[in-house]
Every structure is written in structure tokens, then in C-alpha cells.
Amino acid sequence: MGEEGTEGTVHLLCLAASSGVPLFCRSSRGGAPARQQLPFSVIGSLNGVHMFGQNLEVQLNSAKTEDTTVVWKSFHDSITLIVLSSEEGTSELRLERLLQMVFGAMVLLVGLEELTNIRNVERLKKELRASYRLIDSFLGDSELIGDLTQCVDCVVPPEGSLLQEALSGFAEAAGTAFVSLVVSGRVVAATESWWRLGMPEAVLLPWLVGSLPPQAARDYPVYLPHGSPTLLERWWQPLLDPLRACLPLGSRALPAGFPLHTDILGLLLLHLELKRCLFTVEPSGDQEPSSEQRRRLFRSFYTLVTATHFPPEAGQPEEKAEEVVHRAQVPRACYLVSGAEEPGTGWRLVALQLGPRRLLLLLSAQSPTHGLRGLATHTLHALTPLL
């Protein structure tokens, strides 16, 4: 299994579906933004073959060459997105979900009306620039995984009930039902209405906050001299210490001291009904592979088990009726062993599904193969109260 994201190039094209006029092109290489642009002739050919198929009532979704995967997707018969990836181990599932997130980002920052009823192409190009930073974060090597799993990245704070109570009270006092507390792009606490947000905005909003630079323009809470001069202090001043305790949780996701087996190098826990996930590659950060490699392994393994072994998450567009019928025959666990030819080298990856929860673990080479399912089951039971 290749490590998704290793030293490859990704090109993302956005075109007006009716005219084929390019609206923007974003690229990345090795997980970092790149200035390399595709020639206009290549862009025209990629869009032309897609339009040719549509005229013949043939839907072209994807294609592969020796080293590149291409995926096309049209939205509302107005916007066509095309992604080309030469990253090792990339998959159609990953690229399809990337395009869904990109269009969601465009709607989030420009609005659906502007995208489905294009009146002025040049003006739309300028307006879409506001979405570049968020879109580029999907192309890069992120510590988050919600873009692929389509579940909200979360952390578990040490004093979650106190923060939740304060957040709910603050939301009521502020007169809004949609409030969340975010650290490093991960949700610490949120109101019930916020959790009821659909896909993709539930994932996009905290991702957007995490992508903003420290000096970015944004809305700030203000004090009203007469109406609410002490609103913020009333709710948050007593909780400064619990709030500060959330700051280092970003990439760790779990409370400090949470008991995990020493063989665990990383974990991804998804609640498929709640659309939330816990993801960390830092239980044992001083061991090989590196955090970046661990994230790539998780993305590749998640794609493998989702596309091959486990059914698509409930409600996903790629879920078919016949797949729902045969769910009872779907395996509950699977594992992958790397470096088995050299004892004590490589790593182990195991996936376990129990009810609405799916757990993926990255384990060290010392973890015996015969104990993988038992370790995964024990870990899932320990994590269940958190998500």
C-alpha cells in the first residue's frame, strides 16, 4: 500500500460548465502549495473530453494513466471541478471527497446563487479568491482528517461538561443557536443546533477557522456599553483555566494521561451517525514513523478499508442499494502488516467496526499479529465514553 501524499503533484481545476472558461487552478507538490500551472491546452482537453461524454449521455467520472489519477465532477450543471493527482497511493475515493469539499468551500465563501447563475465570469473569479486559502488547505498535508472522513474533527477536553455548560449559556445570552469552541481546527464543544449542521458545513466551518492566519480579518465579539457590558466575562472568566487546558489538545485530541497501549502510534475513531471523529498520531511521538508519515498511512488505510472492506458511511452518495442489502456480510475487522519479512520492523494497521463506531489503529512492529483484534476491541471500549 503506497503512502498517500508522498512527493506527488495535485492540480485542481475549476471551470464554468457551460463555457469551459477556467475560473481558477490550484496546485500542490509534496503537500505544499506550488506555482506550477497546467498549460491551457491540457485544461481544454480535460474539459473537452468530459463535455464530449456528456453530449453523448456518457458520464465520465475518472480515468487513470500510469502515474496519474483524474477525477471529474459537475455541480448544479454550472461548475465543473477536475483534479489530477500523481501522489503515490492516491485513490478515487479521496479525490471525489476532495472535490466535494472544494465545492463546499466555494459555496461557503461565495454563495450558491453566484455559482449556479454566473452573470459575470471575471467578477466571480475575483470573488473566488477568498476561498483559495481554505481550498489550498485541502490540497496540503493537514493534521486534520475530516476532509476525507467527512466527520468533524474533535478533541476531548479534561473539563468538557464545564465548557459545554458555559457554551450553552453563552449561546442563549448571545441570542444564537450556533456556537462552537474550536482549537487548532478541532471542535472542543458545541451547541446542539451546531451539531445538527449538515455536511459539509459542519466540517468546513472549524476547518476555515483553523486555516485563518493570526492576523486575518474576522468578526470579533464586542461589548455593548449599555446592553451587555460584561457578557463575555460573565460566562468565560471563571473558565480561563479549563480554556487554557484546551490549547495543547489540538494534535493530541485526547485528554492528557488517557490510558492507551504503548504499541499504539496513532488512532482514528469515527462515530458514523454523529459525524464526529477523534484523530491523533501523537501517543508516542518520539518513535518512527514520523507524524507526517503516520497521517499519510491513516489516509491510505482509511481509503482502503472504506472502499474495499467496509460499506460507505450511511447517507453517502456513493452508497448503493445493493450495498445496503449486503451489509450483514461485511467484515467487522481487517488488518494490514508491513515489514513482516524483517521481524521487529514496519508497523501494523488494524480497523474494527462495532455499531456506529469505526476504529483505525496504527501499531508498532512489536505488536503481535494475533493480538491485533483484541487490542483494537479493548481500545474501542475505552474510547466509547468519549465519542
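Axes here are lines fitted to C-alpha atoms, for helices over the stretch in contact, and angles run from 0 to 180 degrees between N-to-C directions. Helices (H or I, at least four residues) and strands (E, at least two) are DSSP runs, numbered from the N terminus. The model is predicted: local features need pLDDT of at least 70 and side-chain atom pairs count only at pLDDT 80 or more, while totals for chains, interfaces and linings use all residues. Residues are numbered from 1 along each chain as its sequence is written, and side-chain values use heavy atoms, with hydrogens and water left out.

**Stop 1: α2 and α9**

Select α2 (92-110) and α9 (residues 201-211). At what angle do α2 and α9 pack? The angle is about 75°, and the axes are 10 Å apart. The two helices, α2 and α9, are therefore roughly perpendicular to each other; angles under 35 degrees count as roughly parallel, over 145 as roughly antiparallel, 65 to 115 as roughly perpendicular and the rest as oblique.

Now show side chains. Met 101, Gly 104, Ala 105, Leu 108 and Leu 109 of α2 meet Val 203, Leu 204, Leu 205 and Leu 208 of α9, where contact means heavy atoms within 4.5 Å. By class, the contact of α2 with α9 has 8 nonpolar, 1 polar and no charged residues. In this scheme Ala, Val, Leu, Ile, Met, Phe, Trp, Tyr, Cys and Pro count as nonpolar, Asp, Glu, Lys and Arg as charged, and the others, Gly among them, as polar.

**Stop 2: α5 against α9**

On the α5 side the contact is made by Arg 133, Leu 134, Ser 137 and Phe 138, and on the α9 side by Leu 204, Trp 207, Leu 208 and Ser 211. By class, this contact of α5 with α9 has 5 nonpolar, 2 polar and 1 charged residues.

Next, show everything around α5. 7 of the 8 residues of α5 are buried, so α5 is largely enclosed by the rest of the structure. Buried means under 20% relative accessible area, exposed over 50%, and partly exposed in between (1.4 Å probe, protein chains only). The buried residues are Tyr 132, Leu 134, Ile 135, Asp 136, Ser 137, Phe 138 and Leu 139. These buried residues of α5 pack against β1 (9-16), β2 (22-29), α2, α4 (121-128), α6 (146-149) and α9.

**Stop 3**

Select Ser 28 in strand β2. Ser 28 counts as buried at 2% relative accessibility. A polar atom of its side chain lies 3.3 Å from the backbone oxygen of Leu 139. Not counting residues up to four places away in sequence, Ser 28 touches Gly 8, Thr 9, Val 10, Pro 33, Ala 34 and Leu 139.

Move to His 11 in strand β1. Is His 11 buried or exposed? His 11 is buried, with a relative accessible area of 7%. Its side chain makes a polar contact with the side chain of Ser 27 (2.8 Å). A polar contact is a pair of N or O atoms within 3.5 Å; within protein, one must be able to donate a hydrogen and the other to accept it, and residues adjacent in sequence count only if both atoms are side-chain atoms.

**Stop 4: loops**

Select Asp 67, in the loop between β4 (62-64) and β5 (69-75). Asp 67 counts as exposed at 54% relative accessibility. The side chains of Asp 67 and Thr 68 make a polar contact (3.1 Å). Leaving out residues up to four places away in sequence, Asp 67 touches Ser 85 and Ser 86.

Go on to Gln 150, in the loop between α6 and β7 (152-154). Phi of Gln 150 is near 60°, a positive value in a residue other than glycine. Gln 150 is buried, with a relative accessible area of 3%.

Finish the loops at Pro 200, between α8 (192-195) and α9. A cis peptide bond joins Met 199 and Pro 200, with omega about 5°.

**Stop 5: cysteines**

How many disulfides are there? The count comes to 0 disulfides, a disulfide being a pair of cysteine sulfur atoms within 2.5 Å. For Cys 154, the nearest cysteine sulfur is that of Cys 277, 6.4 Å away. Cys 154 counts as buried at 7% relative accessibility.
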